[in-house]
Amino acid sequence: MMSTYTYPKYPYPKYPYRISSEQEAGRLVRHPVVVIGAGPVGLTAALDFAARGIPTVVLDDNDTVSVGSRAVCYAKRPLEIWDRLGCGERMVERGISWRIGKVFFEDDLRYQFDLLPEPDHKMPAMINLQQYYLEEFMVEECARQPLVDLRWKHRLLSLQQHEDFATLVVETPDGVFSLEAQWVVACDGANSDTRKMVGAEFTGQAFQDRFLIADVVMKAHFPTERWFWFDPPFHRNQSVLLHRQADDVWRIDFQLGWDADPTEEKKPENIIPRVKAMLGPDAQFELEWASVYQFACRRIDRFRHGRVIFAGDAAHQVSPFGARGANSGVQDVDNLGWKLKLVLDGVAPESLLDTYHDERALAADDNIANSTRSTDFITPKSAMSRRFRNAVLELAQEHPFARPLVNSGRLSTPTPYLASPLNTPDEDAFAGLMAPGTACADAPVRVDGKDGWFLGLLGGGFTVVTFGEAPLGEVRAGGIAAPVLRIGIDAADAKGRLAERYDGADGTTYLIRPDQHVAARWRSFDPDKIQGAITRAIAA
């Protein structure tokens, strides 16, 4: 539930509406995929599908990027996905990278954490970047992709499903027309019209707590860290969060309580005193954007409804504590794209798309659980809960056992699909975290004398990675050709991190999925076992 106003500092682009050739000619065209919504998740879907060779139409009822900074925190795994899609480095360069978080109780530092304590990763633990920059970069990348047809001022009016396609009725400035899609991917946000059109259930918990976001432009002495206060002297009995963004914009979140009036709280004359109480009466700042919001933790019953597949906030919602919303939506698309490609190509059965629900509903439930726990800690609902929270904060400063209990928002990390039906279970013992279903860890490598990164070598399909020699250059199974990457021969393990993170003894072999998750691993290279694992990973 949003109430917003803006001070236009960022030069919002206006993207031109163009009538499509099919509407102009009055032709009914069937497209492989139509994406609804050009926010971060819909734009990621367009780029991912195009990278996999899927012609994609994107419909959006607006003609610009999101107003206000909105989502600002983007985690390492989504940045790795965007890096594969050609946008990641630009986002990191424009954004503010950080890894340290500090938690204060009243005015004392009680606890701090490091999101990426180990070295040698290409992408940072987290960046802060206004959503409008994020979307602008992806729109520009879409314009470079011939397989992306991004259509502004196209509003979906209705959707009718058939056995092997869907019919969409769309309104534009030139009237109403129909188009067809083999698959519809709904990325149209928390208030998804598409979800209502298919009658999908959306269940979970709505929270009454209200929060004020104030984005202020200022030169400040705060370090580039995430600071969270419980019961600070400048905002008693409530919480405050501080983040730095690009362009000297600082995000401040003020907890307001249940009975706050959103209309009143969003007025500058009520926001500015709160900011001055925090920063001091002589602080020089300018208010750029503000919003008063409530939130819910809930998800859709099934992520696939016939020919319609849901991703991002259209499929699940969480509280903003932990930056799990947009980050999770990007990982939805990463999970879906390769499966959709194999189904469209006839390589895999449609049942592979049902595993999208299996894996991403698990991730949504994980995010909802973490987000709900964070909300309960930040906004205790009883005197006993508040006493427990305050005791944890008091103890955390001196006693390590209390620090894991401090919960100012568990920051987004990828959910491993450990029980996925696409995994081949381990036969051998392995150390480390790279179990089947887990997102691959990056590491520095050298190829032909040049420095690079392991994830950049995996491409967009199945890859076999072996530590040492292999008898084959590729493994074929069920229409899949998986190239073999030999660590120590095709690519050097530049600092030994790869062997360390993958427990890569000589002969150790991994099968990596197209979304850079581990599908299987063995202690030796066995083509028959690899073929079986590929067959299992495409639900054949």
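This is a predicted model: local features need pLDDT of at least 70, side-chain atom pairs count only at pLDDT 80 or more; totals for chains, interfaces and linings use all residues.
Me: Let's start with the helices. Why are α2 and α5 called roughly parallel?

Reply: Helix α2 (residues 40-51) and helix α5 (residues 131-143) pack at an angle of about 25 degrees. Angles under 35 degrees count as roughly parallel, so α2 and α5 get that label. Their axes are 10 Å apart, and the crossing is left-handed.

Me: Which residues make that contact between α2 and α5?

Reply: From α2 you have P40, L43, T44, A46 and L47, and from α5 there are Q131, L134, E135, M138, V139, E141 and C142. By class they split into eight nonpolar, two polar and two charged.

Me: And α2 against α9, what makes that pair roughly parallel?

Reply: The axes of α2 and α9 cross at roughly 30 degrees. The cut-off is under 35 degrees, so α2 is roughly parallel to α9. The axes come within 9 Å, and this crossing is right-handed.

Me: What does α2 use to touch α9, and what answers from α9?

Reply: On the α2 side it's V41, T44, A45, D48 and F49; on the α9 side, G329, V330, V333, D334, L336, G337 and L340. That contact has seven nonpolar, three polar and two charged residues.

Me: Which residues are in the contact of α9 with α10?

Reply: S328, Q331, D332, N335, L336, W338, K339, L340, L342 and V343 come from α9, while α10 brings L352, L353, T355, Y356, E359, R360 and N367.

Me: Is C73 buried or exposed, and what makes it so?

Reply: The relative accessible area of C73 is 13%. Buried means under 20%, so C73 is buried. C440 goes the same way by that cut-off: its relative accessibility is 3%, so C440 counts as buried.

Me: What makes S239 count as buried?

Reply: S239 has a relative accessibility of 2%, and the limit for buried is under 20%, so S239 qualifies. This serine lies in strand β16. Leaving aside neighbours within four places in sequence, S239 is in contact with F211, F228, W229, D253, F254, Q255 and I378.

Me: Why is A260 called buried?

Reply: A260 comes in at 9% relative accessible area, under the 20% limit, so the label is buried. A260 is found in the loop between β17 (249-255) and α7 (262-265). Not counting residues up to four places away in sequence, A260 touches R210 and E265. The C-alpha atoms of A260 and D209 are separated by 8.8 Å, although the two are 51 residues apart along the chain.

Me: Why is Q112 called partly exposed?

Reply: Partly exposed is what lies between the 20% limit for buried and the 50% limit for exposed. Q112 has a relative accessible area of 43%, so Q112 is partly exposed. Q112 lies in strand β7 (residues 108-114), and beyond neighbours within four places in sequence, Q112 is in contact with I100, G101 and K102. Q112 and W227 are 115 residues apart in sequence and 9.2 Å apart in space, C-alpha to C-alpha.

Me: What is there to say about the phi of K153?

Reply: K153 has a positive phi of about 60 degrees although it is not a glycine. K153 is in the loop between β9 (148-152) and β10 (155-161). With a relative accessible area of 32%, between 20% and 50%, K153 is therefore partly exposed.

Me: And what about the phi of N237?

Reply: N237, also a residue other than glycine, has a positive phi near 65 degrees. N237 lies in the loop between β15 (226-230) and β16 (239-244).

Conventions: Residues are numbered from 1 along each chain as its sequence is written. Side-chain values use heavy atoms; hydrogens and water are left out. Axes are lines fitted to C-alpha atoms, for helices over the stretch in contact, and angles run from 0 to 180 degrees between N-to-C directions. Helices (H or I, at least four residues) and strands (E, at least two) are DSSP runs, numbered from the N terminus. Angles under 35 degrees count as roughly parallel, over 145 as roughly antiparallel, 65 to 115 as roughly perpendicular and the rest as oblique. A crossing is left-handed if the near helix is turned anticlockwise from the far one by less than a right angle, and right-handed if clockwise. Contact means heavy atoms within 4.5 Å. Ala, Val, Leu, Ile, Met, Phe, Trp, Tyr, Cys and Pro count as nonpolar, Asp, Glu, Lys and Arg as charged, and the others, Gly among them, as polar. Buried means under 20% relative accessible area, exposed over 50%, partly exposed in between (1.4 Å probe, protein chains only).
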